[in-house]
Amino acid sequence: MGNSITTAGYTFVVEESKEISGEDLGLLQEKLLQLNWGVQHPASGPMRLKVWVDGDEVVKVDPDIGYVLRLLEKLVEYRTWQNAIVNVERACFIDNFGTMTGYSIAAEKIAGVEVPKKADYVRTILCEGGRIVSHLIGLGSFVGVMGVHTPMQWALIAREKFLDAFEVYSGQRIATASIVPGGVRYEPTGKFIEKMVSAVDFLEKEFIPRYGEVFIDNPTLKVRSEGIGVVPKEKAVELGLAGPALRASGIPSDIRKDYPYAAYGELDFKVVTKEEGDCYARYLVIWEELIESAKIIRQAIEGFPEGEWRTKFPLKVPPGEAYVNVEWARGCFGFHLISDGGTGPYRLKMRAPSFANLWAMPELMKNIKLADVPVIFASLYMCHGDIDR
Amino acid sequence: MEAWIKAIFFPGFVFLLVVFLMIFYLERKILADVHLRTGPYYVGKWGILQTTADVFKLLQKEFIIQRRANKLLFSLIPFVAFLMVAALIAFIPFSEHSYIVSTSFDLLVVLALVTGMPPVFFYAGWASKSKYPFIGGLRVVNQMISGEIPLWLSALAAAVFYGTLNHLQIVQESSILGFIILLPAFLIFVTATLIVTDRPPFDIPEAEQEIVYGFLTEYGGFNYAILVLSKLIELFALYSIAVVLFLGGFKGPVLPGILWFFIKLAGLYLFTFVVRASTPRIRMDQLLRFCWKVLTPLALLNLAFIILVKMFIS
Amino acid sequence: MEAKEALKIPIEATKKVVRVTKALFAPKATEIWWDKGIKRELHYRGKHIINAELCIGCSMCARACPVNCIDMVPTGVKKPRAVPKVRANECIFCGLCEDACPTKPEKAIKLTDYYSMILEDVTWDKLTNYVFEPENLEEALEKAKKMEELLEKKKQEALKKKQQAQQAKAKAEAGKEKPSVEKKPQQEGKPQKESKGEE
């Protein structure tokens, strides 16, 4: 089958056997060069992108995924209601609070359990912390594909303070397993609130001014990313984009405002949109969402209520179904949870936002040069663990 | 005897090696300072011996030649590049008495040798017989052709102003007035140097995120060390020429001449490293547009301006 | 790209370069941590400590574990019926077993902040046999056995006394035809006294 490798009964295709002919695509020349912007590449992540190139121009792009498949949705069926958070939180390791919150809200909807107010506020603070942490890495990797590694290093320094706060809260920095159906697992102590406030202080007083004066109006950054990968407003909804990519095309869709969950109904923030829909607009949306999240955390800490932080969740849940959306760092994450009266979920289906963004990417990569492939890829802000689950 | 000392130690091969190690170390340290981290710290005091350790590690590694690569060309290219670049150092006066040759056409030889580098790097990409190095080699040719013309025009503007191609005479006749009149030529020369030697923001032929390290992809071990060494020495040589032509070479009030030379060189290097930490790289067609529509007309205008000034002075 | 805009780009880039050099004078963020000891916060999830004296053998921890790495090892006594044994190679240190343990005032299985779990000459056999076990198992079992023997003894004594009381009652029943109004309070007094003595 062309240039392929057969080991242990499986066949891996390295190059397509039927070559893409230039005449089919309306070009003058016949042979096109297929580049594997592939799994072993400095900037691709665990995903392979087949890029057909005519000189310096890209003719066709075809993604190839499945390298991070861990069968999370199947593993959840072997767990109990409380245990399943361990699998659900590992969908993406950078922002794991959003996935746990979504699953917990879905389970509580089926069981008819009401969480106390304090748990809602703690969930909000943690989710916004996760969003900040994820956006910091998104900023760093977008400028990182253009050869400058300074933003990534500055962002990681600011991220450390947030990871310290998560460690004070739950004992772990990244895979915390701290939001369960029924509330949150640990008590939000004064030390946790202190660490969170100092992390947000560092972000607002040191990181944002220093970063904003160098990398926001940067001339070569704008030359490189303005006008590239433009998505007009109608096409954004048609393609099914999610998250910052959707909001950068002018559509003000944010689950925190449209269907409020946790404590978002009582907090005051604005939804960031831009009009142009190119890579630079997506970058600016991530930046401004970062600033908004810092304000949300401050508001939540000021209005922090008293009370319990965990209620009892029943061992067996009556049969039912629930679908819940949460606004994760990279878009709208959907959880479809089905229960048939047992001790654990019967089926969980996760709708991943990065999966939708990925399959919209070949549409954006028409008539561009080879050097624009990593820029568009990094601006769509995808997480590979979330594409494959 | 003195000739042998000059050829081997200063300014000879040992000097080049030491310069390579120190510049690499300084680049890592200054980049780390901008990134708010420490950089090399443990190997030797303040990490000075870190690059030496890295070079020794590279020397002991196996270098792999692909089965379908052109073996002779692939193995020879790094040494050819190193020889061409080492020959450049012979024409640079580091102080009044430490230079290897001083002829009446120094500048021409230097510029001609620099222009001879692009085919060598293209052959490095061609001999690898692999997709990504081939694209890197093509990009090298593209970029260097566009960057050579402003380099020649701005360097020759200085030669026109001083009326001679000999480096020693240029340094001796330099003055503050000369520096101010030649300032546009200096800026164009520095930009053209960055373009010709693939330094960020113009490091398109070795763009890691797009073409996996360009024409250097298949090189590993000793070959790789020599190729990177020759690229660094090329930059060192061009910056030394900039110091000699525009910044007054080894002239300075109190300290010995050679120290002033290295101080001025360090200033230029600091500028390069900080530019690397803050400017994203631009695309190939944007670079070509910039070179041919902006840089070359400016260099031509600058040459005309210098000729005008020369007419009025003499 | 117009010529004027193209000229603005180097000027703007130089401005950004100047602003970046300000970072050269900012304090560094690198910390040296290995001579201070690894800091561990309150809820650090490290090695398990299993207290066999408090454990009641309900196996809630084994049911709560997501990766099924807790085995219940049966002991010989009645309480605890079985004690947990954690396979350290598979444990993900999530802490759900600690949440599920019902004993009061302290939990029988706890995650401490002990993090150094080093094996020498690691082979696959050694890894699969690396377990966290209750440390005071022998003493707890002895105590439990002693408790059981004590309880057995007390039970036997109570049984014997009950038999004696029944025999005495039967005798009294047999000698009931004789008028024994005076004997009744005596008989009633006897069993009461003896039952008090038992307690």
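## Close-up views of a predicted three-chain model

**View 1. Helix H4 of chain A is seen from end to end.** Helix H4 (residues 117-144) of chain A has 28 residues and spans 41 Å from its first C-alpha to its last, close to the 40 Å expected at 1.5 Å a residue. That expected span is 1.5 Å times one less than the number of residues in the helix. Helices here are DSSP runs of H or I with at least four residues, strands are runs of E with at least two, and both are numbered from the N terminus. Is H4(A) mostly covered or mostly uncovered? It is mostly covered, as 25 of its 28 residues are buried. A residue is called buried if 20 or more other C-beta atoms lie within 10 Å of its own, exposed if 12 or fewer do, and partly exposed in between, with C-beta atoms placed from the backbone.

Before you move on, note that this is a predicted model, in which local features need pLDDT of at least 70 and side-chain atom pairs count only at pLDDT 80 or more, while totals for chains, interfaces and linings use all residues. Residues are numbered from 1 along each chain as its sequence is written, and chains are lettered from A and ligands numbered from 1 in the order in which they are written.

**View 2. Three strands of chain A form an open sheet.** The strands are ordered S8-S9-S10 (chain A), and their pairing is antiparallel. Two strands count as paired if DSSP finds at least two bridges between them. Strand S8 (320-328) and strand S10 (347-351) of chain A are the edge strands, each pairing on one side only. From one strand to the next, the twist averages 15 degrees. Strand S9 (residues 331-339) of chain A is joined to S10(A) by five bridges. Which residue of S10(A) is the bridge partner of Gly334(A)? It is Arg351(A). Helix H3 (residues 97-111) of chain A packs on this sheet, touching S8 and S9 of chain A, and its direction makes about 155 degrees with that of S8(A). Such angles run from 0 to 180 degrees between N-to-C directions, using axes fitted as lines to C-alpha atoms, for helices over the stretch in contact.

View 3. Chain A is divided into domain 1 (3-64) and domain 2 (72-388), with bounds that come from an automatic or database domain assignment. Their C-alpha centres lie 32 Å apart. In the contact, 13 residues of domain 1 of chain A meet eleven residues of domain 2 of chain A; two residues are in contact if their C-beta atoms, placed from the backbone, lie within 7 Å. Strand S4 (48-54) and strand S5 (57-64) of chain A each supply at least two residues to the domain 1 side, and S5(A) gives the most, with five. By class, this side has nine nonpolar, one polar and three charged residues. Here Ala, Val, Leu, Ile, Met, Phe, Trp, Tyr, Cys and Pro count as nonpolar, Asp, Glu, Lys and Arg as charged, and the others, Gly among them, as polar.

**View 4. Chain A touches chain B.** This contact takes 26 residues from chain A and 23 residues from chain B. Among the elements that each supply at least two residues of the chain A side are strand S3 (33-37) and helix H5 (150-170). The chain A side has 17 nonpolar, six polar and three charged residues.

**View 5. Two residues of chain A have a positive phi without being glycines.** Ala262(A) has a phi of about 45 degrees and sits in the loop between helix H10 (255-258) and helix H11 (279-302) of chain A. Asn367(A) has a phi of about 60 degrees and is found in the loop between helix H12 (353-364) and H13 of chain A. Which of these residues is buried, and which is exposed? Ala262(A) is buried because 25 other C-beta atoms lie within 10 Å, whereas Asn367(A) counts as exposed because it has 8 C-beta neighbours inside 10 Å.

View 6. Trp260(B) lies in helix H13 (residues 257-276) of chain B, and it counts as buried because it has 20 C-beta neighbours inside 10 Å. Leaving aside neighbours within four places in sequence, Trp260(B) is in contact with Phe250(B), Lys251(B), Gly252(B) and Leu255(B). Elsewhere in the chain, the peptide bond from Pro200(B) to Pro201(B) is cis, with omega near 5 degrees. Pro201(B) is in the loop between helix H10 (183-196) and helix H11 (208-211) of chain B.
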